[in-house]
Structure formats: structure tokens, C-alpha cells
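Dear colleague,

I am handing over the structure below, together with notes on what was found in it. Please read the notes with the model open beside them.

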Amino acid sequence: MPVFGLRVLQALGMVWALPVSALGLLLAAAAVSMGATARISRKDFALVVQKFPWGPGGAITFGNVILHTGADLDCACTTYAHRAGLCQDAPIILADHERAHVYQYMVLGVLFLPLYLLCGGVSYRNRFEQAADRYAQTGRGWWPWANF
């Protein structure tokens, strides 16, 4: 696909995810007022908020907004299956995992949240999380219904 066509699809995906991104932007604004930092990440197609002051730790993505409780999204973490004791996966980079969720939002838009919840929410059984882990491990396979 020509670069121009790819950029058009990316822009359309960002517009499609905008209603959920708006929620992320509201949370980001509140977090920045409490001392969090925000930066645009072209690689992740997202606004990345670091030192997000609420939550149990880790990161969550809302459209094209990634909220991270740590100081650096490019940190190592374990896969959901590893954390559940199902296997011994090598550590992945959290930014890669969250980027997969950004791509999923850019395709599914507002449908992402209900589908994510229908697939089990935050769990190693959730195909969205499995796909994000797969993408972080291999650089491919971020689509939740892919057979890789």
C-alpha cells in the first residue's frame, strides 16, 4: 500500500476511535493537573501519559491515549499468560503491548470496549490481551481474531 493510502487509513482510524480517545483525554488532563507528564508518541499513534496517579499499576489504553502509572512506557513486563502461571514467556515491552490496543481501537472504534468486556475483560483468556501480548512478542498479530 502506498504511504499516502496508509496515512489516510491511520487518520480515519484515529477519527473512528475519537469518542473513546476523548475519555482518555479527559483522564489525561486530570492526571497532568496532578503531576503526570504527557507526550505525543508517533510510534504508538498515541498521547502517552506517564506517572498516571490512579490505578493499580501498569497501563490502560483509551483509543489513542495510553495512561501509564510508571515513568517509562518502554519498560519490560510479563505477558498475561506468564502472570497467570500458564507458561514461562520472556518479558515483553509494555509500549508494544499497548500499541496493539491502539491499533485495535483504530479498527473497532467505540465497539472495542463492549467487545473487550464480552471477551472477558482484563484476563489472560481475553483474546484482545492475547493478541496484544503476541504483538509485543513478535511484532505481528495484533488483531484479536487472527489465527497465528
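The notes below begin with the overall picture and then turn to single helices and residues.

This is a predicted model, in which local features need pLDDT of at least 70 and side-chain atom pairs count only at pLDDT 80 or more, while totals for chains, interfaces and linings use all residues. Residues are numbered from 1 along each chain as its sequence is written, and side-chain values use heavy atoms, with hydrogens and water left out.

Overall picture

The protein contains six helices and six strands, where helices (H or I, at least four residues) and strands (E, at least two) are DSSP runs numbered from the N terminus. Read from the N terminus on, the order of these elements is α-α-β-β-β-β-β-α-β-α-α-α. The radius of gyration, taken over C-alpha atoms, is 15 Å, which agrees with the value near 15 Å for a compact globule of 148 residues; the globule rule used here is 2.2 Å times the number of residues to the power 0.38. The C-alpha trace spans about 40 × 40 × 30 Å along its principal axes.

Of the 148 residues, 42% are buried, where buried means under 20% relative accessible area, exposed over 50%, and partly exposed in between (1.4 Å probe, protein chains only). The protein exposes about 8,100 Å², and carbon and sulfur atoms supply 66% of that area; accessible areas come from the Shrake-Rupley method with a 1.4 Å probe, and for residues only the protein chains shown count as cover. Among contacts (heavy atoms within 4.5 Å) between residues at least 6 apart in sequence, 47% join residues at least 24 apart.

Helix α2

Helix α2, residues 18-33, has 16 residues and reaches 22 Å from its first C-alpha to its last, close to the 22 Å expected at 1.5 Å a residue; the expected span is 1.5 Å times one less than the number of residues. Its buried residues are Val 20, Ser 21, Gly 24, Ala 28 and Ala 31. Seen down the axis of α2, these buried residues fall within an arc of 95°, so they line one face of the helix, the arc being that of the directions from the helix axis to the C-beta atoms. An α-helix has 3.6 residues a turn, so residues three or four places apart point the same way. On the other side of α2, Pro 19, Leu 26 and Ser 33 are exposed. What do the buried residues of α2 pack against? Their partners are β2 (46-50), β3 (59-62), β4 (65-68), α4 (94-108) and α5 (112-118). After α2 comes Gly 35, which has a positive phi near 110°.

Helix α4 has 15 residues and reaches 21 Å from its first C-alpha to its last, close to the 21 Å expected at 1.5 Å a residue. This helix is mostly covered, with 14 of its 15 residues buried, and just after α4 Gly 109 takes a positive phi of about 55°. Ala 95 lies in α4 and counts as buried at 1% relative accessibility. Leaving aside its neighbours within four places in sequence, Ala 95 is in contact with Asp 44, Leu 73 and Asp 74.

Ile 93, by contrast, belongs to strand β6 (residues 92-93) and is partly exposed, with a relative accessible area of 32%. With neighbours within four places in sequence again set aside, Ile 93 is in contact with Leu 73, Asp 74, Cys 75, Ala 76 and Ala 136. Ile 93 and Gln 137 are 44 residues apart in sequence, while their C-alpha atoms are 8.2 Å apart in space.

Cysteines

How many disulfides does the structure hold? The structure holds zero disulfides, a disulfide being a pair of cysteine sulfur atoms within 2.5 Å. The sulfur of Cys 75 is 6.1 Å from the closest cysteine sulfur, in Cys 77, which is too far for a bond. Cys 87 is likewise in no disulfide, and the nearest cysteine sulfur, that of Cys 77, is 13 Å away. Cys 75 is partly exposed at 28% relative accessibility, and Cys 87 is partly exposed at 26%.

Helix α1

Leu 12 sits in helix α1 (residues 3-16) and counts as exposed at 52% relative accessibility. Leu 12 and Tyr 124 are 112 residues apart in sequence and 30 Å apart in space, C-alpha to C-alpha.

With best wishes
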